Amino acid sequence: MKSVFVTVGTTSFDELIATARSPPALQALQSRGYQRLVLQVGRGSLPFFTLLTISIDPGERRSPG
């Protein structure tokens, strides 16, 4: 499965995470054959999660793990 992994460690990069999760970014990844986006996030102002896996197939999303 072709995947993208985004990690920001313990530093706050809310804009990067919000952009990576946006519909245009997901559509761009899907058009390039990616099927999964994994985000590893430390702290920030977005709802807290440490690991989020998003299926890029339309309509399928997985919650924080």
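Trainee: Fine. What kind of model is it, and how are residues numbered?

Mentor: It is a predicted model, where local features need pLDDT of at least 70, side-chain atom pairs count only at pLDDT 80 or more, and totals for chains, interfaces and linings use all residues. Residues are numbered from 1 along each chain as its sequence is written, and side-chain values use heavy atoms, with hydrogens and water left out.

Trainee: How many helices and strands are there?

Mentor: The protein chain has two helices and three strands. Their order along the sequence is β-α-α-β-β. Helices (H or I, at least four residues) and strands (E, at least two) are DSSP runs, numbered from the N terminus.

Trainee: Which strand pairs with S1?

Mentor: S1 pairs with S2 in the parallel sense, over five bridges. Two strands pair if DSSP finds at least two bridges between them. Within that pairing, Phe 5 is opposite Val 38 in S2.

Trainee: And which residues are on the covered face of S1?

Mentor: Val 4 and Val 6. The uncovered face of S1 has Ser 3, Phe 5 and Thr 7.

Trainee: Next topic. How many residues are in the largest nonpolar core?

Mentor: It has 13 residues, and Val 6, Ile 17, Leu 37, Leu 39 and Ile 54 have the most contacts inside it. At least two core residues come from each of S1 (3-7), H1 (14-20), H2 (23-31), S2 (36-40) and S3 (51-55). A nonpolar core is a set of buried Ala, Val, Leu, Ile, Met, Phe, Trp, Tyr and Cys residues joined through side-chain atoms within 4.5 Å.

Trainee: What counts as buried?

Mentor: Buried means under 20% relative accessible area, exposed over 50%, and partly exposed in between (1.4 Å probe, protein chains only). Of the 65 residues of the protein chain, 31% count as buried.

Trainee: Ala 20 then, buried or exposed?

Mentor: Ala 20 is in helix H1, and it counts as buried because its relative accessibility is 14%. Apart from neighbours within four places in sequence, Ala 20 is in contact (heavy atoms within 4.5 Å) with Ala 25, Leu 26, Leu 37 and Leu 39.

Trainee: And Gln 27, buried or exposed?

Mentor: Gln 27 is in helix H2, and it counts as exposed because its relative accessibility is 54%. Its C-alpha atom is 7.8 Å from that of Ile 56, which is 29 residues away along the chain.

Trainee: Where is Leu 52?

Mentor: In strand S3. Leu 52 is buried because its relative accessible area is 5%. From C-alpha to C-alpha, Leu 52 and Val 38 are 5.7 Å apart in space, and 14 residues apart in sequence.

Trainee: Last one. Where is confidence lowest among the helices and strands, and where is it highest?

Mentor: It is lowest in S3, with a mean of 75, and highest in H2, at 93. The score is pLDDT, the predictor's confidence in each residue, from 0 to 100. Over residues 61-65 the pLDDT is below 50, and that stretch has 10 contacts in the model beyond near neighbours in sequence. The mean for the protein chain is 78, and 72% of its residues reach 70 or more.
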